[in-house]
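Please keep both in view while reading.

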Amino acid sequence: MAGTAVVTGASSGIGAATVRRLAKDGYDVVAVARRADRLREVARETGARALPVDITDAGAVRRLADALDACDVLVNNAGGALGAESVATASVDDWERMFSVNVLGTLRVTQALLPLLRQGAGGTVVTITSTAAFTTYEGGGGYSAAKHAEHALSETLRLELCGEPVRVIEVAPGMVKTDEFALNRLRGDAAKAAALYEGVDHPLTADDVAACVALAVGLPQHVNIDHLVVRPLAQAAQHRLHRGPLIHRKNEHGIEERPTREFPA
Ligand code: 8X3
């Protein structure tokens with residue numbers, strides 16, 4: 001057994017993909033999320049333990065820590081975006097919720113599990129932030145502010161743990177297509193959510209990000225990837241997104257073909 005890995009936000013998207021990947025890599029995975037039914041699904045599929053916890057609830061996070069006897073890897077993944085309004089018109093409630101989950105939830109879980117992370121041969125804290133953690137864009141103010149704060153938390157923690165065998169890693173993904181991220185941000189508007197990805201040849205998948213987490217975690221304990229930025233090939237920067245064919249594909253005879261001007265279905 002590679003050790004015990006706790007993954008938050010584990011009921012869907014990057015969190016569920018990370019549970020799958022770390023379980024496959026031999027970890028005893030503890031899957032944590034608010035939505036118990038979906039969490040149990042992921043647990044059933046992967047063999048992970050499901051612990052339904054709302055990370056905005058201090059008592060629930062304490063009970064999570066009490067329920068564990070080991071934690072070698074913590075993946076702080078729970079979070080997300082709410083709303084795409086400008087700073088002038090954004091809902092303060094949305095900002096509060098984003099700070100509550102992305103920043104304070106990450107802080108709370110990290111604090112609660114640090115004693116366990118410090119107790120083994122070497123712990124690892126991975127925090128999934130975003131490219132929005134170091135840049136901003138119109139309509140992304142609250143999410144970007146929360147992700148900047150999460151980035152600051154991760155950077156500070158690494159400084160404060162210097163001299164202890166605990167790695168502090170940040171994985172910052174760009175455009176990832178998952179079932180829920182854009183839908184949540186756009187208040188369930190499926191057409192608007194689909195338009196974000198329209199014509200983008202291979203946005204990242206949740207599995208791609210999980211592979212980055214597994215790579216960073218799987219390196220020897222003396223190797224600390226401070227900050228891993230991962231984007232799809234089609235996205236050179238937040239505002240520099242290529243929409244159109246890009247990736248070579250195999251035709252029906254198994255021969256690689258250059259992308260055509262027609263975007264494949
Ligand atoms: C998601 C990336 O571009 O929506 O964290 O901010 S973006």
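The points below cover the sheet, the aromatic pairs, a pocket and a cavity.

The model is predicted, so local features need pLDDT of at least 70 and side-chain atom pairs count only at pLDDT 80 or more, whereas totals for chains, interfaces and linings use all residues. Residues are numbered from 1 along each chain as its sequence is written, and side-chain values use heavy atoms, with hydrogens and water left out.

**Sheet**

- Seven strands form an open sheet in the order S3-S2-S1-S4-S5-S6-S7, and their pairing is parallel. Strands are DSSP runs of E with at least two residues, helices are runs of H or I with at least four, and both are numbered from the N terminus. Two strands pair if DSSP finds at least two bridges between them.
- Strand S3 (49–52) and strand S7 (227–230) are the edges; each has a single partner strand, so one side of each lacks a neighbour in the sheet.
- From one strand to the next, the twist averages 15 degrees; axes are lines fitted to C-alpha atoms, for helices over the stretch in contact, and angles run from 0 to 180 degrees between N-to-C directions.
- Six bridges join strand S5 (residues 123–128) to strand S6 (residues 166–173) in the parallel sense. Val 126 stands opposite Ile 169 in S6.

**Aromatic pairs**

- Two aromatic pairs are found in a search of the whole structure. Rings of Phe, Tyr and Trp (its six-membered ring) pair if their centres lie within 6.5 Å, and planes under 30 degrees apart count as stacked, over 60 as edge-to-face and the rest as tilted.
- Trp 95 and Phe 99 are stacked, at 6.5 Å centre to centre with 15 degrees between the planes. Because these residues are four apart in helix H4 (residues 92–119), about one helical turn separates Trp 95 from Phe 99.
- Trp 95 is partly exposed at 27% relative accessible area, and Phe 99 is likewise partly exposed at 27%. Buried means under 20% relative accessible area, exposed over 50%, and partly exposed in between (1.4 Å probe, protein chains only).
- Tyr 143 and Phe 181 form an edge-to-face pair, with ring centres 5.5 Å apart and planes at 65 degrees. This pair links distant parts of the chain, 38 residues apart: Tyr 143 lies in helix H5 (residues 141–160) and Phe 181 in helix H6 (residues 181–185).
- Tyr 143 is buried, with a relative accessible area of 7%, whereas Phe 181 is partly exposed at 28%.

**Second largest pocket**

- The volume of the second largest pocket is about 150 Å³. On a 1 Å grid over the protein atoms alone, a pocket is an open set of points with protein on both sides within 12 Å along at least five of seven lines; a cavity is a set where a 1.4 Å probe fits but cannot get out; lining residues have an atom within 4 Å of a point. Grid points are joined across faces, edges and corners, and a volume is the space filled by probe spheres set on the points.
- Its lining has 13 residues, with Ser 12, Gly 13, Ala 16, Arg 20 and Asp 179 nearest the centre.
- Helix H1 (13–24) gives the largest share of this lining, four residues.

**Largest cavity**

- The search of the whole structure finds one cavity of 30 Å³ or more, and the largest cavity holds about 60 Å³ of space.
- Among its 14 lining residues, Leu 82, Gly 83, Glu 85, Trp 95 and Gly 142 lie nearest the centre.
- H4 and H5 each give two or more residues to this lining, and H5 gives the most, with three.
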